[in-house]
Amino acid sequence: MATLRFEKALENLQAAELCHNYCLYNASVSRSYYAMFLAAWEAVEYVTQTPTETWQHQGLWTAFNYEVHYKRGLCPANFYRINSLVFLLIKFFFLKEKFG
């Protein structure tokens, strides 16, 4: 059964695709990152069976890499690099929008 958080992740992924289709790339990257963040949060809670009310971004990615990847081997080894790439893309689009 999908949780509300996972449903939000799927909705944000759909929004990212729509934004991309309309050349709204900054919004697409933002929605993609948020979808990934929510899915990672869900994964950490699922494998640890410990509900968490809030996460700071770095704390979530650290917990995800330890609990889901290193401890249980449930995601590809390069996932952290993918997350870093998305973060860099977000920064790039922010700087491009801010400074042209």
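**Two helix contacts**

Tutor: In helix α1, the residues R5, F6, K8, A9, N12, L13, A15, A16, C19 and H20 meet Y25, A27, S28, R31, S32, Y34, A35, L38, A39, W41, E42 and E45 of helix α2. Contact here means heavy atoms within 4.5 Å. By class, this contact of α1 with α2 has 13 nonpolar, 4 polar and 5 charged residues. Ala, Val, Leu, Ile, Met, Phe, Trp, Tyr, Cys and Pro count as nonpolar, Asp, Glu, Lys and Arg as charged, and the others, Gly among them, as polar.

The model is predicted, with local features needing pLDDT of at least 70 and side-chain atom pairs counting only at pLDDT 80 or more, while totals for chains, interfaces and linings use all residues. Residues are numbered from 1 along each chain as its sequence is written, and side-chain values use heavy atoms, with hydrogens and water left out.

For orientation, the chain has 4 helices and 0 strands, and its elements run α-α-α-α from the N terminus on. Helices (H or I, at least four residues) and strands (E, at least two) are DSSP runs, numbered from the N terminus. Of the 100 residues in the chain, 31% are buried. Buried means under 20% relative accessible area, exposed over 50%, and partly exposed in between, with a 1.4 Å probe and protein chains only. Among contacts between residues at least 6 apart in sequence, 44% join residues at least 24 apart.

Two packed helices are described by the angle between their axes and the distance between the axes. Axes are lines fitted to C-alpha atoms, for helices over the stretch in contact, and angles run from 0 to 180 degrees between N-to-C directions. Helix α1 (residues 4-21) packs against α2 at an angle of about 160°, with the axes 8 Å apart. That makes α1 roughly antiparallel to α2. The cut-offs are under 35 degrees for roughly parallel, over 145 for roughly antiparallel, 65 to 115 for roughly perpendicular, and the rest for oblique. The crossing of α1 and α2 is left-handed: the near helix is turned anticlockwise from the far one by less than a right angle, whereas clockwise would be right-handed.

L13 is partly exposed, with a relative accessible area of 47%. From L13 to R31 the C-alpha distance is 6.4 Å, although they are 18 residues apart in sequence.

C23 sits in the loop between α1 and α2. Most residues other than glycine have a negative phi. C23 has a positive phi, near 60°, and is not a glycine. Q49, in the loop between α2 and α3, likewise is not a glycine and has a positive phi of about 55°. At a relative accessible area of 61%, Q49 is exposed.

Helix α2 (residues 25-48) and helix α3 (residues 57-70) have axes that come within 9 Å and cross at roughly 50°. That makes α2 oblique to α3. Their crossing is left-handed. On the α2 side, Y33, M36, F37, A40, W41, A43, V44, V47 and T48 meet H57, L60, W61, A63, F64, E67 and V68 of α3. By class, the contact of α2 with α3 has 13 nonpolar, 2 polar and 1 charged residues.

L60 belongs to helix α3 and is buried, with a relative accessible area of 0%. Leaving aside residues up to four places away in sequence, L60 touches F37, A40, W41, V44 and W55. L60 and F37 are 23 residues apart in sequence and 8.0 Å apart in space, C-alpha to C-alpha.

Aromatic rings also occur in this region. Y33, F37, W41, W61 and F64 form one aromatic cluster. A pair of aromatic rings is described by the distance of the centres and the angle of the planes. Rings of Phe, Tyr and Trp (its six-membered ring) pair if their centres lie within 6.5 Å; planes under 30 degrees apart count as stacked, over 60 as edge-to-face and the rest as tilted. The structure holds 5 aromatic pairs. One of them joins W61 and F64, edge-to-face, at 6.2 Å centre to centre with 75° between the planes. Both W61 and F64 lie in helix α3, 3 residues apart, about one turn of the helix. W61 is buried, with a relative accessible area of 3%, and F64 is buried at 6%.
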